[in-house]
Amino acid sequence: MSTEYRFSFGPWNISEGADPFGPPVRPTIEFSKKLASYKKLGFEGVQFHDDDAVPDVDSKSAAELERAAKELKKVLDGEGLVPEFVAPRLWEDPRGIDGGFTANCPDVRKWAIDRTKRAVDIASYLGTNLMVLWLAREGTYIRESKNAIQAYQYQIDAINQLLEHNPEIHLAIEPKPNEPTDQAYVPTIGHALAVAYRTVDPNRVGGLIETAHARLAGLDASDEMAFALSMDKLWSVHLNDQNGMKYDQDKTFGAVDLRSAYNQVRVLELGGYPQTGRFIGLDVKAMRTQKADVAERHLANSKTIFLRLVEKVRSFPKDVERQCIEARDYEALEMAVIEHLMGK
Ligand code: GLO
Ligand code: MG
């Protein structure tokens with residue numbers, strides 16, 4: 001069984017540096033150029049939004065959609081790249097302004113499901129059976145604006161329709177507690193998996209855990225991963241880092257809290273994640289201050305830090321761990337971990 005990890009990222013992780021207070025500061029890089037960067041940076045897997053893969057998803061006929069997706073598949077094959085997943089980008093469409101699946105307007109809910117079925121079709125033309133559902137605007141700015149109980153049912157209904165649309169598709173819910181909305185439905189992996197078990201085919205609904213999202217919920221990302229792993233439901237990860245409970249930062253993995261990063265790697269090792277063949281996905285953003293010619297470094301750096309931490313986890317002295325646990329001397333265990341991380 002392989003103990004090698006496979007790595008992926010999405011084209012949005014190479015970005016122009018815009019933030020809510022300022023415009024782009026780096027030139028736009030064409031999609032084909034981004035694809036060419038993958039191998040150079042040491043990545044094999046590509047994460048797609050539906051409209052990264054096929055622009056103007058809504059306005060294309062079914063035949064046009066199929067043709068465009070199959071052309072992209074050829075490009076990926078030519079570059080030696082593997083599509084990891086497709087995610088519907090409902091949150092950028094004006095129709096999705098107040099959410100898609102949980103919108104108050106029935107026409108919008110219908111659009112959101114139809115659009116997501118198209119994203120499922122794109123996934124199958126590209127040759128992946130994984131869809132990620134980041135439920136971006138499925139929440140509220142003003143609590144009184146939606147019936148939250150009903151909203152969960154709407155999400156289950158939508159997921160059921162997707163599962164029925166394609167018998168192969170697997171849905172990984174990416175929980176996040178806030179941003180862009182003030183309060184998001186499905187804020188943690190516990191919520192996501194509870195929803196999964198209420199659907200018509202729980203075996204085809206799992207989760208993706210993002211480091212920053214767990215921290216924004218005040219939770220430990222490695223424990224969130226452990227919960228999903230304990231149920232065979234960790235189908236992808238979005239590793240990054242986050243400096244406290246503020247805006248979603250998507251910093252380089254391990255750059256803020258190395259100990260937490262170590263524990264995320266440790267739990268992936270304990271859970272046999274590399275043997276599943278699933279990807280280590282990154283969801284990291286280049287800092288706005290980064291100049292264009294070095295604006296992809298955060299990706300390679302995150303991968304390097306991850307692999308260094310794999311070495312650290314694998315080389316941690318097992319006898320020391322066992323003795324400390326037997327003696328219930330967790331102070332000694334903690335010191336051993338810190339010394340190991342500091343290179344002693
Ligand atoms: C934002 C999310 C976002 C998703 C991506 C896939 O906070 O992490 O980057 O992971 O759009 O749906
Ligand atoms: Mg993410």
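A: The account below begins with the ligand site and then turns to the remaining spaces.

This is a predicted model, in which local features need pLDDT of at least 70 and side-chain atom pairs count only at pLDDT 80 or more, while totals for chains, interfaces and linings use all residues. Residues are numbered from 1 along each chain as its sequence is written, chains are lettered from A and ligands numbered from 1 in the order in which they are written, and side-chain values use heavy atoms, with hydrogens and water left out.

Ligand 1 takes up the space of the largest pocket; a molecule is assigned to a pocket or cavity if more than half of its atoms lie within 2 Å of the grid points. Around ligand 1 stand Trp12, His49, Ala87, Trp91, Trp134, Glu174, Lys176, Glu210, His213, His238, Asp248 and Asp283, each with a heavy atom within 4 Å of the ligand. By class, this shell has 4 nonpolar, 3 polar and 5 charged residues. Here Ala, Val, Leu, Ile, Met, Phe, Trp, Tyr, Cys and Pro count as nonpolar, Asp, Glu, Lys and Arg as charged, and the others, Gly among them, as polar.

Polar contacts are pairs of N or O atoms within 3.5 Å. A polar side-chain atom of His49 is 2.6 Å from an oxygen atom of ligand 1; for Asp248 the corresponding distance is 3.0 Å, and for His213 it is 3.1 Å. Ligand 1 taken alone exposes 330 Å², of which the protein buries 94%, with areas from the Shrake-Rupley method and a 1.4 Å probe.

Pockets and cavities are found on a 1 Å grid over the protein atoms alone: a cavity is a set of points where a 1.4 Å probe fits but cannot get out, a pocket is an open set with protein on both sides within 12 Å along at least five of seven lines, and lining residues have an atom within 4 Å of a point. Grid points are joined across faces, edges and corners, and a volume is the space filled by probe spheres set on the points.

The largest pocket holds about 1400 Å³ of space. Its lining comprises 45 residues, and those closest to the centre are Ala18, Asp248, Gln249, Asp250 and Lys285. By class, the lining has 16 nonpolar, 11 polar and 18 charged residues. The elements that give two or more residues to it are β3 (82-87), β4 (130-134) and α10 (297-315), and α10 gives the most, with 3 residues. Helices (H or I, at least four residues) and strands (E, at least two) are DSSP runs, numbered from the N terminus. Asp250 lies in the loop between β9 (234-239) and α9 (258-270), and its phi is near 50°, a positive value in a residue other than glycine.

The second largest pocket contains about 390 Å³. Of its 18 lining residues, Tyr262, Asn263, Arg266, Leu270 and Glu321 lie nearest the centre, and α9 supplies the largest share of the lining, 7 residues.

The search of the whole structure also finds 2 cavities of 30 Å³ or more. The largest cavity has a volume of about 90 Å³; of its 13 lining residues, Leu90, Trp134, Leu135, Ala136 and Glu138 are the closest to the centre. The second largest cavity, of about 40 Å³, has a lining that includes Glu210 and His213. Glu210 and His213 are also among the residues around ligand 1.

Conventions
Polar contact = N/O pair within 3.5 Å; in protein donor to acceptor, adjacent residues only side chain to side chain.
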